[in-house]
Amino acid sequence: MTAPAVAADQWAELQGAALLGTDRRPLPEPGTPLAGSVDRAEPATALLDLAALAAVRRRAGALPGPAVDTPAPAPEDTRPALPEPAARRLAVLLGTRGGHGSTANLAELLPQWLAAARAHGYRLPPALVPALLDSARARSELRADAVTLAGPLGRWLAPQNPDWRYVTRTAADHDTTGEPGERLWQEGLFAERVTHLTRLRRTDPAAGLALLVSTWSTERAEDRVLFLDALQDGLSASDEEFLEAALGDRSKNVRATAAELLSTLPGSALAARMAARAREAARYEDGWLHITPPAACDPAMQRDGIPVKSPTGRGERAWWFGEVAAAAPLALWTADTGLTPEQLLAVPTLDTDGGGGAEWAEDLREAWARAAVRQQDAGWARALLGAPPRPGREGRTPGAPAKLLAVLSPAERASWTAAFVQTHGLGDAFQLLGACATPWTPPLSTAVVAALKRAAELGSYPWSHSGVLGMTERALAPETAPAVEALAADTSPDTAWSDTFTRLAGTLRFRQAMLAELTD
């Protein structure tokens, strides 16, 4: 028997004695190479001594394994190096260096740091790339920025660790043209294909449409719906022929999605058909809007995406009327009546069937709001929202202001929301704040901080505003840090609000410093 085989056999004997006990499995006999001069007075101690000797023997006699081919080095990364202070900050955000005593919410700040660093086009220190890839593996929302920042080194490292397989898919997804993009479309997971199509539509809408057309007939109905949604990016008259054909799809959800997309194109044939129906359903005369809702949902209406049955519980005729009005071009109403959107909103409605007409006003207003969002009409959105509420004056709160706000410019959104928060507080402001561009403007940030102060003074609990507080950590203007620190100092210590304000102030200071380091 060879020496390695003898050593392996003797090691097995010791393992057996350890598992079964020295009273059932005797130790190797004295005089064998393994036994040495071990004192056997205490069998348990002797077993450990023999194991120590055997371990040394096994390691000393180990032979080197076969040499492996050294991989080619990673491609050169010519991007500018990340400034040293920013590199130290990233190490803290990734948890590889200090930061454990910080009051800042590091989990909220990492996505912002990555997005800002990516915008500057920096090259990361190689030592931080593995930790970044690990973080992005656990948080999919970080992957696009992480893979871009990791650059050639990240793509070189990815095959070395099964946990980093996502890097190759994400990198391929960013290559929206050529063979990698085509392969991803043909072989990728469904979510990857949707993301790929969406990105391609943002850069080359015609190529994105051609890609979808190439496999459209083989796609599942539920997948076709989401692929159609991706056409919203770069939607134009060039897509109308394809969408018109989709109105005849066997899936009602596909038909409805195609119809909604066509209704966002005021010059489309569907928009013209809906305009004709809207003229039959609403007529302006003698200062009134005379409403005659459709009497039936004929096959042509169904093909244009209007379901026969209302999913909302509303009466069928009211449902059909709302669908027609929401899909008609908004220019129809101002052109036919000669009135502005603000004037039209004040016009009373009259039911031509002899009933009251007040309920039609709300239906029509809701339909106009949907149309303003679909057609991205800022004039109508502004009219539907109304003037920003002022402190001390309640005013009317719109039913779905967040979607209408998103149609306006970032400055208008912030101004309107600031006035809303000053008047109504934070209770109904979550969606409005989410529609505002980040970081929030100083006036909006100041209004939010003042509303938080009022909430604390009124005795509410921080967790009742957890959604807004989560947004403040990534959206408040850094200039508000002193005001938040003052709130923390003025609030009773060891309370929930004191901890909340202290944490928020720490996050603002941390964010202010980290963004400054990236621009130095």
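Glu244 touches Leu262, Ala269, Leu270, Arg273 and Arg303 when residues up to four places away in sequence are not counted, where a contact means heavy atoms within 4.5 Å. The residue lies in helix 12 (residues 240-246), and at 16% relative accessibility Glu244 counts as buried; buried means under 20% relative accessible area, exposed means over 50%, and partly exposed means in between, with a 1.4 Å probe and protein chains only. This is a predicted model, in which local features need pLDDT of at least 70 and side-chain atom pairs count only at pLDDT 80 or more, while totals for chains, interfaces and linings use all residues. Residues are numbered from 1 along each chain as its sequence is written, and side-chain values use heavy atoms, with hydrogens and water left out.

**The protein as a whole**

- The protein has 27 helices and three strands, which are DSSP runs numbered from the N terminus (helices are H or I with at least four residues, strands are E with at least two).
- Of the 520 residues of the protein, 45% count as buried.
- Among the contacts in the protein with a separation of 6 or more, 65% are accounted for by residues 24 or more positions apart.

- Three strands form an open sheet with the order 1-2-3 and mixed pairing, and two strands are taken to pair if DSSP finds at least two bridges between them.
- Strand 1 and strand 3 stand at the edges with a single partner strand each, so one side of each is left without a neighbour in the sheet.
- Neighbouring strands of this sheet are turned by 30° against each other on average, with direction ignored.
- Strand 1 (residues 282-285) and strand 2 (residues 288-291) pair in the antiparallel sense over four bridges, and here Arg283 stands opposite His290, Tyr284 has Leu289 as its bridge partner, and Glu285 has Trp288 as its bridge partner.
- The hairpin of strand 1 and strand 2 has two residues between the strands, and in this hairpin Asp286 takes a positive phi near 55°.
- Strand 2 and strand 3 (residues 349-351) run parallel and are joined by three bridges, with His290 standing opposite Leu350 in strand 3.

**Helix 14 beside the strands**

- Helix 14 (residues 269-281) lies across strand 1 and strand 2, running at about 55° to strand 1; such axes are lines fitted to C-alpha atoms, for helices over the stretch in contact, and angles run from 0 to 180 degrees between N-to-C directions.
- With 13 residues, helix 14 reaches 19 Å from its first C-alpha to its last, close to the 18 Å expected at 1.5 Å a residue, where the expected span is 1.5 Å times one less than the number of residues.
- The buried residues of helix 14 are Leu270, Ala271, Met274, Ala275, Arg277, Ala278 and Ala281, and one of these, Leu270, is also touched by Glu244.

**Helix 4 and its surroundings**

- Helix 4 (residues 106-120) has 15 residues and reaches 21 Å from its first C-alpha to its last, close to the 21 Å expected at 1.5 Å a residue.
- Leu106, Leu109, Leu110, Gln112, Trp113, Leu114, Ala116 and Ala117 are buried in helix 4, and the buried residues of this helix pack against helix 3 (84-93), helix 5 (129-138), helix 6 (143-157), helix 25 (466-475) and helix 27 (496-519).
- Gly121, whose phi is positive, near 70°, follows helix 4.

**Helix 9 against helix 11**

- Helix 9 (residues 190-203) and helix 11 (residues 221-229) pack at an angle of about 25°, with their axes 9 Å apart.
- The two helices are therefore roughly parallel to each other, a label for angles under 35 degrees, whereas over 145 counts as roughly antiparallel, 65 to 115 as roughly perpendicular and the rest as oblique.
- From helix 9, Phe190, Arg193, Val194 and Leu197 meet Asp223, Leu226 and Phe227 in helix 11.

**A loop residue**

- Asp163 is found in the loop between helix 6 and helix 7 (165-174), and this residue is partly exposed, with a relative accessible area of 40%.
- Asp163 and Arg137 are 26 residues apart in sequence and 7.0 Å apart in space, C-alpha to C-alpha.
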